Amino acid sequence: MRLARTEPTDQEPDIRARPPLVREFLLVAGLFLAYKFGRQAANGHVEEAFRNAGSVWDLERALHLPGEGAVQGLLLHSQPLIHAANTYYAAVHFPATALFLVWLYWRRPAHYVRSRRVLAALTGAALVLHLLFPLAPPRMLPAAGLVDTGQVYGPTVYGQTPATDTMANQFAAMPSLHVGWAVMVALGLIAATRSRWRLLWLLHPAITLFVVVGTANHYWLDAIVVVALLAVALAAFRLPLSARTVPARLRGPGAWGSGEGAPVPAYAGGGSGTYEGGGRPAISEAPVASGTYAGGAR
């Protein structure tokens, strides 16, 4: 008997595991709006944000983390590359996560429920940190000596005056939800698909990390903290067993010409000479010494 497979099958999704569409739309939209307005409510705290930025910068140097400037230096060699990085930062974050949730909802409902819960928990924890620990990004920190690539080369999603930006809280660098959501998208797709190339989904968080650091929108520690929070959320919301494994089957019903199970030889534990499904005598693999078969006289 083969071991149970741990990869999803290509069978039709179990619609019983799919939550009502309208409810899910309202729930996800409500969570997004709550986070958006929560970030705006946390705006300000300029002096505290810059003090925290100095502390994070000093801690990274004490931990011997590579300087963010080393990554940005790679971007500054090519203006088209800088423009592409800024575009990736501005345009991929939300659409990629939304498409991920829509696909899971339609094709892998059990995976969708877990992923939605993990993303909601991660986003809520991030909002709490934004409120408790306002942090100016490295592009604003004079000691970092970095270029605000969004403002200089474009495109950018932020206003020129951070303290009065009504569209986003620019002092919410810790943790980086760009990185957190990207890692969740990659892990969710790896768990929900069978392709031999599915590990390539990890390119999304890898590129995202390169982009957020290279454009000076986040510190390395912003990414480290969000990955730690994501690990806690993944542990708290485990995937249901039915979605993780598919029970192995000996053979399809048509393999033996009937709907019953496969015959079990006497030496393999067939015992009473019946099928596992009951009813008919089993066929022995070899005659016994007396000239009769295990199922009786010839």
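**View 1. Residue classes lining the largest pocket.** The lining comprises 18 nonpolar, two polar and two charged residues; Ala, Val, Leu, Ile, Met, Phe, Trp, Tyr, Cys and Pro count as nonpolar, Asp, Glu, Lys and Arg as charged, and the others, Gly among them, as polar. The model is predicted: local features need pLDDT of at least 70 and side-chain atom pairs pLDDT 80 or more, whereas totals for chains, interfaces and linings use all residues. Residues are numbered from 1 along each chain as its sequence is written, and side-chain values use heavy atoms, without hydrogens and water.

The space in this pocket is about 540 Å³ (on a 1 Å grid over the protein atoms alone, a pocket is an open set of points where a 1.4 Å probe fits, with protein on both sides within 12 Å along at least five of seven lines; lining residues have an atom within 4 Å of a point). Of the 22 lining residues, V28, A29, T97, A98 and L101 are the closest to the pocket centre.

**View 2. Crossing of helices α3 and α9.** The axes of α3 (residues 68–75) and α9 (residues 203–214) come within 8 Å and cross at roughly 100° (axes are lines fitted to C-alpha atoms over the stretch in contact, with angles from 0 to 180 degrees between N-to-C directions). Helix α3 is therefore roughly perpendicular to α9 (65 to 115 degrees). Residues E68, V71, Q72, L74 and L75 of α3 meet F210, V213 and G214 of α9, with contact meaning heavy atoms within 4.5 Å.

View 3. E24 counts as buried because its relative accessibility is 3% (buried means under 20% relative accessible area, 1.4 Å probe, protein chains only). Beyond its neighbours within four places in sequence, E24 contacts P19, Y105, Y112 and R116.

Definitions and conventions. Grid points are joined across faces, edges and corners, and a volume is the space filled by probe spheres set on the points. Helices (H or I, at least four residues) and strands (E, at least two) are DSSP runs, numbered from the N terminus. Angles under 35 degrees count as roughly parallel, over 145 as roughly antiparallel, 65 to 115 as roughly perpendicular and the rest as oblique. Buried means under 20% relative accessible area, exposed over 50%, partly exposed in between (1.4 Å probe, protein chains only).
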